[in-house]
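Here's a quick briefing to read alongside the sequence and the 3D view. We'll start with a pair of helices and then move on to a sheet.

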Protein chains: 2
Amino acid sequence: MAILGATGAVGREFVRLVHERNFPISVLRLLASDRSAGKTITFRGSEIPVLSTAESSFDGVQIAFFSAGSQASKRWAPVALQKGAFVIDNSSAFRMEPGVPLVIPEVNWHQVRDEDRLFPVGNCTAILLVMAVAPLRKFGKLRRLVVSTYQSASGAGARAMRELEEQTRSLAEGRTPVAEVFPYPIAGNLFSHNTPINEYGYNEEEWKVIQEARKTLEMPDLALEVTCVRVPVLRAHSLSVNVEFEGPAPSEAAVREAYEAAPGIALVDDRESNRFPMPMLAAGKDDVLVGRIRRDYTNPNAVSIFVCGDQLRKGAALNGIQIAERLVAESRMPVGA
Amino acid sequence: MAILGATGAVGREFVRLVHERNFPISVLRLLASDRSAGKTITFRGSEIPVLSTAESSFDGVQIAFFSAGSQASKRWAPVALQKGAFVIDNSSAFRMEPGVPLVIPEVNWHQVRDEDRLFPVGNCTAILLVMAVAPLRKFGKLRRLVVSTYQSASGAGARAMRELEEQTRSLAEGRTPVAEVFPYPIAGNLFSHNTPINEYGYNEEEWKVIQEARKTLEMPDLALEVTCVRVPVLRAHSLSVNVEFEGPAPSEAAVREAYEAAPGIALVDDRESNRFPMPMLAAGKDDVLVGRIRRDYTNPNAVSIFVCGDQLRKGAALNGIQIAERLVAESRMPVGA
């Protein structure tokens, strides 16, 4: 197995998951940009050196996980594929390419064909949204989703996480937080997602969520409004979601039951004690938390939910390794990748 | 003038505004619960003692501002009114009472009748929402609003603000944040608004926003879904708002123009530099910031906006003093209250 971007926030989480989940590997090749090459990462008690990436890096590799940005994926994915590896790519490089499956194993594994060898992992927010919406499809045709997000620093990578921690220290000590990774201070503040705005007024993150959710849910025309916001939280994303159906909304009991039966979802919905999904419960966890389930009081066709999930796990690395595990389970990939 | 709850977060802001705006007063009587009596508050260079509240506290008072919670308002507002004072009440005690105007001066001053002497100040989130939605009414009948909030600690009072500051120091020093005012740590976290959930699944805050916005906008049947969330921000609330009209949505240019002309609104909507409303721009400011204006890409009848306003100012104390200023300007109240 090769991991490109091994020193990043998602790459490190992926290494951790390979260990935790005891994924069968015969060799682990950790790769990074030239800048990060020379570092080491601890894996099963050994210090593994992080190497610069070259064509030969993929020789003999059965499976490669990429999390070094779109440019690196575009450069190296064709090389790895050509050398016979399966590629699981956390970047946005190939997600919307026609014919390339955009898979959340719990939701749309049926879209995978025998010949597929390239598996993009969706945008973190899109994955969490789709995980929460997919179990509701059985209640009738979806008319429209309206989503507002509360996105953590981890979505912008390890440097952004350190920036939030550093700014938190500044705030605590009465200094002015200094912004370098993000355009504005994130500690004690929040702001519209820091990606370029397109001609329709949507930032890149919102656009990905709209397009990718439509693709993964196989609903190309789904009405779906998304507002993406960064908040001073370290590694779990939250989403406030209103789901409008074409017909009457299901009962709250039916929605709860659907979530209790859904793989990868944990129901956190205790009105008595005011306990609902929140980052402190989701961080470091595999499950996507869903709660605050209620019929929309002013729209008989809608329900509202609140969703929270670890951005680095189900939003990225976990979804990636789940794809790899499925490939092994279905004997598409030899054990000992 | 009497200010009940003078030592609270809103009370202190009100005292500050009386000074800043040079509101005409002949005497300033600062009142509080027995617990806070004996403190002093600086006003125009003098230390004014904070007194316990008694019936005689309202003798000779022309105007009383109440911000000590619903119970205190229910106890003392009738006394102050009976003694001939105008009462501006920041609590929820009288907001929904039929015949009592719920006024945002910029929006619905026309609802005030000559005989009105009791003026509740609306819920902070409802005020910010109504300020942002009111200028859009001229574009056609509103069909539905879907709102998610990002609410600061100040909405829960001065102790909650200190708790966020203390927890921020804990996080910075690697200690576990201790929650006393809020049910869960707020620093590095966020959670569904910490008020009881009613039989319909809405917390008290959401319910207030729905009912009060309908009353202030004079649209008793408005479809309005609200999800209220606490975030680790000190004193400015943010709202992500999707506004659906019965007919086609106005152009973005028309919406911008409407906001530019709206009193009390500042447009912050720079796509080039990714600069939109955020707490660091709104804190301590009078204007409600509106931006991220865009036509809803998947619904031709809707627009989305992002709103940010100082919870202690327009969300509470500022709206209160603006009501007092109107009463003076219209000669309903003698100058030198």
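**Where two helices cross**

In this predicted model, helix H5 (residues 158-172) of chain A meets helix H5 (residues 158-172) of chain B: their axes come within 8 Å and cross at roughly 130°.

*More on the helix contact*

- As for handedness, the crossing of H5(A) and H5(B) is left-handed.
- On the H5(A) side, the contact is made by A:Thr168, A:Arg169, A:Leu171 and A:Ala172.
- On the H5(B) side, look for B:Thr168, B:Arg169, B:Leu171 and B:Ala172.
- Sort the residues in the contact of H5(A) with H5(B) by class and you get 4 nonpolar, 2 polar and 2 charged.

*The sheet in chain A*

- Chain A has an open sheet of 7 strands, and their order is E3-E4-E2-E1-E5-E6-E7.
- The pairing in this sheet is mixed.
- Which strands sit at the edges? They're strand E3 (40-43) and strand E7 (118-120) of chain A, and each pairs on one side only.
- Ignoring direction, neighbouring strands of this sheet are turned by 25° against each other on average.

*One pair of strands, up close*

- Strands of a sheet pair through backbone hydrogen bonds, and they can do so parallel or antiparallel.
- Strand E5 (residues 63-66) and strand E6 (residues 86-89) of chain A run parallel, joined by 4 bridges.

Methods:
Residues numbered from 1 in each chain as written. Chains lettered and ligands numbered in written order. Predicted model: local features only at pLDDT ≥ 70, side-chain atom pairs only at ≥ 80, totals over all residues. Axes fitted to C-alpha atoms, helices over the stretch in contact; angles between N-to-C directions. Left-handed = near helix turned anticlockwise from the far one by under 90°. Contact = placed C-beta atoms within 7 Å. Nonpolar A, V, L, I, M, F, W, Y, C, P; charged D, E, K, R; others polar. Pairing = 2+ DSSP bridges.
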